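Hi,

My notes follow below it.

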Amino acid sequence: MADKFIIAGTPEEAVGSKSKDNVYMAGGTEVMRLGSSVSADSFVSLRRIPEMHIIETDGNTVSAGASCTFQELLQSDLIPGYLKEALLFMASRTRRNMATIGGNIAVCRDDSFLIPTLIAVSASLRLSGPQGSCAVTVRDYVTEKGKYEDMLIISVSFPAEGVIVRSYRSANTAQSHARLTASLAFADGKYTACAAVKNSGIYMADDLANELGSRGMSEDEIVEFVKQKKDIHLEDDLIYGSAAYRSYLTGISFALMYAEINSEINKEGGSVR
Ligand SMILES: Cc1cc2nc3c(=O)[nH]c(=O)nc-3n(C[C@H](O)[C@H](O)[C@H](O)COP(=O)(O)OP(=O)(O)OC[C@H]3O[C@@H](n4cnc5c(N)ncnc54)[C@H](O)[C@@H]3O)c2cc1C
């Protein structure tokens, strides 16, 4: 039960109401979840801020307000297919009606629905805090989380076109937590790869992406490359599978996404701009 519930009407009001004693609440699906890592009795609600529900595009980039729910984004014609694929990783329609894109990024879980895809496409955020506003990539937001801890995410920007993306999620059932969510994107002649690995972390696979960009790699080479990576820490897990299995799964997922992207590049005559 909330002790105090402030309903902000503008981003400025939300930032002005934020203190060390309260937390932002958007959809509330994480902050109200039993066993949530977010614990608070006082909240600043972000649901009634019209600016944070706007979806717009200039043709190259789409910007979505951070309080847009998964379902609102799915129903918008402006949202590119690659993001809709990741939004549908949240299988529950009821939860999609409540959960927001900003909340999913802020909560930054190691089974995140959206972060691998957003990082793969070099998405960025507009943030606001007591010291003012700034823009930051989702990648920097995730890797330097402490720096942006209490800042409000106002909107998320990502490419409208010009990028080929594949995302993959592995879970016991559609409603279960994912053991792996991975995404690979190709734009301007470069690959970008990111994986969220349950009970381990979110990894930027720059080394793999660079290898993919500089030489063609076979399925076996990709699997072996991921197996040799020392920075992805895996332990045997009764629910999510052995370390060896999850390493293989990560490698083969990137290999399959790479094959699909290459086939699309070939269809498009070898270049994506
Ligand atoms: C049964 C169940 C299963 C789930 N499984 C998954 C899963 O597999 N993967 C996954 O990623 N999530 C999962 N979640 C968590 C959650 O549903 C999603 O992460 C959701 O997208 C969070 O969005 P929200 O708007 O509900 O966030 P909220 O619960 O409102 O907030 C979550 C956190 O984000 C902060 N926040 C929210 N909006 C902003 C903003 N605009 N700026 C700054 N901070 C903000 C809040 O302060 C809070 O700390 C699950 C939840 C439930 C109940």
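Cys194 stands opposite Met204 in β12. Strands count as paired here if DSSP finds at least two bridges between them. Helices (H or I, at least four residues) and strands (E, at least two) are DSSP runs, numbered from the N terminus. In β12, the bridge partner of Ala196 is Ile202. The hairpin of β11 and β12 has 3 residues between the strands, and Asn199 takes a positive phi near 60 degrees there.

Two points on provenance. This is a predicted model: local features need pLDDT of at least 70, side-chain atom pairs count only at pLDDT 80 or more, and totals for chains, interfaces and linings use all residues. Residues are numbered from 1 along each chain as its sequence is written.

β10 and β11 form a hairpin with 2 residues between them. Asp188 in the turn has a positive phi of about 50 degrees.

The whole sheet is open, with 4 strands in the order β9-β10-β11-β12 and antiparallel pairing. β9 (164–171) and β12 (201–204) stand at the edges. Each has a single partner strand, so one side of each is left without a neighbour in the sheet. The twist averages 10 degrees from one strand to the next. Axes are lines fitted to C-alpha atoms, for helices over the stretch in contact, and angles run from 0 to 180 degrees between N-to-C directions.

Two helices lie across this sheet. Helix α8 (residues 206–214) lies across β11 and β12 and runs at about 150 degrees to β11. Helix α10 (residues 243–267) lies across β9, β10 (178–187) and β11, at about 30 degrees to β10. Contact means that the C-beta atoms of two residues, placed from the backbone, lie within 7 Å.

How many of the 8 residues of β11 are buried? The count is 7, so β11 is largely enclosed by the rest of the structure. A residue is buried if 20 or more other C-beta atoms lie within 10 Å of its own, exposed if 12 or fewer, and partly exposed in between; C-beta atoms are placed from the backbone.

Ser124 stands opposite Thr137 in β7. β6 and β7 form a hairpin with 2 residues between them.

**The three-stranded sheet**

Another open sheet has 3 strands in the order β1-β3-β2, with parallel pairing. β1 (4–7) and β2 are the edge strands, and each pairs on one side only. The twist averages 30 degrees from one strand to the next. β2 and strand β3 (residues 42–45) run parallel, joined by 3 bridges. In β3, the bridge partner of Met25 is Ser45.

**The ligand**

Which residues are closest to the ligand? They are Gly27, Glu30, Gly102, Gly103 and Asn104, among the 30 residues that surround the ligand. The shell takes residues whose C-beta atom, placed from the backbone, lies within 6 Å. The elements giving two or more residues to the shell are β2 (23–25), α4 (93–98), α5 (101–107) and β8 (152–159). α5 gives the most, with 5 residues. By class, the shell has 16 nonpolar, 9 polar and 5 charged residues. Ala, Val, Leu, Ile, Met, Phe, Trp, Tyr, Cys and Pro count as nonpolar, Asp, Glu, Lys and Arg as charged, and the others, Gly among them, as polar.

**The chain overall**

The protein chain has 10 helices and 12 strands. Its C-alpha atoms fill a box of roughly 55 × 45 × 35 Å, taken along the principal axes. With 273 residues, a compact globule would have a radius of gyration near 19 Å; the chain has 19 Å, which agrees. That radius is taken over C-alpha atoms, and the globule rule is 2.2 Å times the number of residues to the power 0.38. Buried residues make up 40% of the 273 residues. Among contacts with a separation of 6 or more, 61% join residues 24 or more positions apart.

Best wishes
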